[in-house]
Amino acid sequence: MAEQQFWSSRTTFILAVVGSAVGLGNLWRFPYIAYANGGGAFLIPYLIALLTAGIPLLILEMGVGYKTRAGAPLAFRKLLGGRYDIAGWIAALIAFLIVTYYAVIIAWSVDYAFFSLDLAWGSDPGAFFYGSFLGLSEGVSTFGTINMLILAGAVVAWLWIYFSIFKGVRSVEKMVWITVVLPWLLIIVFVIRGVTLPGAMDGIAYYLTPDFGALLNIDVWIAAYGQIFYSLSLGMAIIIAYSRFLGEEQDVVKNGIIIAFANSFTSIFAGLAVFSTLGYLAHVNGVAVTEVVRSGIELVFVTYPAAISALPVAPEFFGVLFFIMLVTLGIDSAFSLVEATSAAIQDYIRKPEWLINGVICVVAFVVGTFYMTSSGLYWLDIVDHYIMYFLLILVGLSETVFIGYVYGPPKLRAFVNQFSDWRIGRWWDYCIMLIVPGFLAIALLINVVDGITNPYGGYPGFANLVGWGIVITIPVLAVIISFLVKEPPAGDEDVVSE
Ligand code: PHE
């Protein structure tokens with residue numbers, strides 16, 4: 001291993017993990033999911049999911065990274081031996097695949113920060129986004145050429161990502177002060193701007209009015225667990241990679257709980273910005289709030305621009321701020337993904353970190369050009385769907401089964417409790433052995449059945465075949481890598497003892 005580095009303070013470690021967790025999903029995924037699954041009542045399953053799955057799994061991944069001081073593949077090999085590293089390789093490969101398109105969304109945001117200067121989307125932001133900007137093609141198989149504006153945005157995004165990590169922890173620690181604190185401040189700005197607009201309260205009422213009947217619906221609970229899992233960046237080798245830099249005698253449990261609550265609070269709070277603005281947009285257009293509610297890409301690149309244009313004062317200014325917020329929300333999630341991939345490689349290839357990170361960034365950038373073509377948006381949607389619905393769950397399931405049934409939760413629990421201000425009890429073992437794998441197994445089953453009976457997104461058969469191809473290829477690739485790599489020279493002396 002390259003010379004051992006450590007986080008220089010507890011705060012920077014927390015900020016780095018929060019930076020990964022707090023991403024676009026807090027803004028475009030959580031508020032919508034809450035709205036669609038019981039409004040204020042959703043907070044109950046959400047909180048239960050946080051306590052019984054999010055925090056337990058976060059602590060598990062932190063413990064695994066800290067104890068082994070290794071990236072995900074080597075971490076599982078050190079703990080369990082044999083071929084258990086396969087799950088780590090799947091996670092590292094997923095992280096790489098995700099960042100190839102996550103960075104493209106950041107690239108769009110960079111472009112939109114410039115478009116905001118003169119509200120370039122005009123009076124029809126939808127036509128602008130899909131037509132003039134993306135030049136979206138008729139269908140998945142009409143690729144067209146690479147969009148130069150997006151390419152330029154991606155260059156900015158990737159330079160920023162690389163600059164944030166090229167010296168590993170030393171760079172990350174400095175950057176997170178910007179990429180975590182700035183979006184937080186901007187979310188506050190947008191909440192204040194939002195709630196002081198006419199119609200805001202109507203929007204917020206849609207977001208938070210509880211529908212307790214929803215709690216009887218199993219889908220609502222699955223949405224809650226799914227959101228927690230995705231939001232905390234679990235199953236992507238990230239938390240393991242970041243935790244391998246924890247110094248001597250570090251707290252795990254309390255750090256994990258702080259991180260988890262900071263992330264959830266950000267989501268709930270960001271929902272106020274989103275729904276107050278949607279309320280305003282509905283008010284301006286004289287339609288019901290339900291007419292304007294959107295999530296994901298459509299929310300931030302179509303609906304928000306419309307709302308920004310409608311702002312009574314300085315719309316250009318708020319537009320620029322909004323897209324800077326998106327970029328800074330996304331950038332630390334993106335570089336955490338690169339770190340996750342890089343950690344896996346660094347354990348096996350003894351080359352300087354700046355070089356390994358540089359190669360990953362360049363390759364991911366080049367692969368990402370695929371998503372900059374005219375059909376890029378379709379493919380981004382397809383690949384994201386298949387990763388999130390199958391591979392991510394597979395990794396989470398493997399992790400909990402490995403620790404729950406092979407390694408033994410009490411051993412890891414004793415380790416993480418050692419230097420923690422707060423200690424976890426036996427309940428954690430049950431979460432790791434039963435609740436988390438139980439939920440993930442059910443979700444995987446439902447998704448597989450659903451995926452087979454109901455091909456995703458109305459895309460043609462071959463596009464869905466590519467999706468399934470990825471779901472099968474990644475694990476196969478992970479097995480091949482596992483057999484190809486040689487035991488790294490470092491041996492076991494890095495394992496932090498109990
Ligand atoms: N946790 C991030 C969010 O909620 C999403 C993310 C996805 C982060 C992939 C890292 C990797 O937006």
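## Salt bridges, helix packing and a surface patch

The structure holds seven salt bridges. The model described here is predicted. In one of the salt bridges, the side chains of Lys 254 and Asp 421 meet at 3.2 Å, N to O. Lys 254 belongs to helix α13 (residues 253–285), whereas Asp 421 sits in the loop between α19 (409–417) and α20, so this pair ties together parts that are 167 residues apart in sequence.

Helix packing is considered next. Two packed helices are described by the angle between their axes and the distance between the axes.

| Helix pair | Angle between axes | Distance between axes |
|---|---|---|
| α4 (residues 43–68) and α20 (residues 426–453) | about 105 degrees | 9 Å |
| α4 and α5 (residues 72–80) | roughly 80 degrees | within 9 Å |

Angles of 65 to 115 degrees count as roughly perpendicular. Helices α4 and α20 are therefore roughly perpendicular to each other. On the α4 side, their contact is made by Leu 51, Thr 52, Ala 53, Pro 56, Leu 57, Ile 59 and Leu 60. Helix α20 contributes Trp 427, Trp 428, Cys 431, Ile 432, Ile 435 and Val 436. By class, twelve residues of this contact are nonpolar, one is polar and none is charged.

Helices α4 and α5 are therefore roughly perpendicular to each other as well. Here Val 64, Lys 67 and Thr 68 of α4 meet Ala 75, Phe 76, Lys 78 and Leu 79 of α5. The contact of α4 with α5 comprises four nonpolar residues, one polar residue and two charged residues.

The surface also has a nonpolar patch of about 610 Å². Its residues are Trp 177, Ile 178, Leu 182, Leu 185, Ile 188, Ile 192 and Ile 324. Helix α9 (residues 169–195) gives the most to the nonpolar patch, with six residues, while Ile 324 lies in helix α16 (residues 315–346).

Methods
Residues are numbered from 1 along each chain as its sequence is written. This is a predicted model: local features need pLDDT of at least 70, side-chain atom pairs count only at pLDDT 80 or more; totals for chains, interfaces and linings use all residues. Side-chain values use heavy atoms; hydrogens and water are left out. Axes are lines fitted to C-alpha atoms, for helices over the stretch in contact, and angles run from 0 to 180 degrees between N-to-C directions. Helices (H or I, at least four residues) and strands (E, at least two) are DSSP runs, numbered from the N terminus. Angles under 35 degrees count as roughly parallel, over 145 as roughly antiparallel, 65 to 115 as roughly perpendicular and the rest as oblique. Contact means heavy atoms within 4.5 Å. Ala, Val, Leu, Ile, Met, Phe, Trp, Tyr, Cys and Pro count as nonpolar, Asp, Glu, Lys and Arg as charged, and the others, Gly among them, as polar. Patches are made of residues with over 30% relative accessible area and no salt bridge: like charges are joined within 9 Å, nonpolar side chains (Val, Leu, Ile, Met, Phe, Trp, Tyr) within 5 Å. Accessible areas come from the Shrake-Rupley method with a 1.4 Å probe; for residues, only the protein chains shown count as cover. A salt bridge is a side-chain nitrogen of Lys or Arg within 4 Å of a carboxyl oxygen of Asp or Glu.
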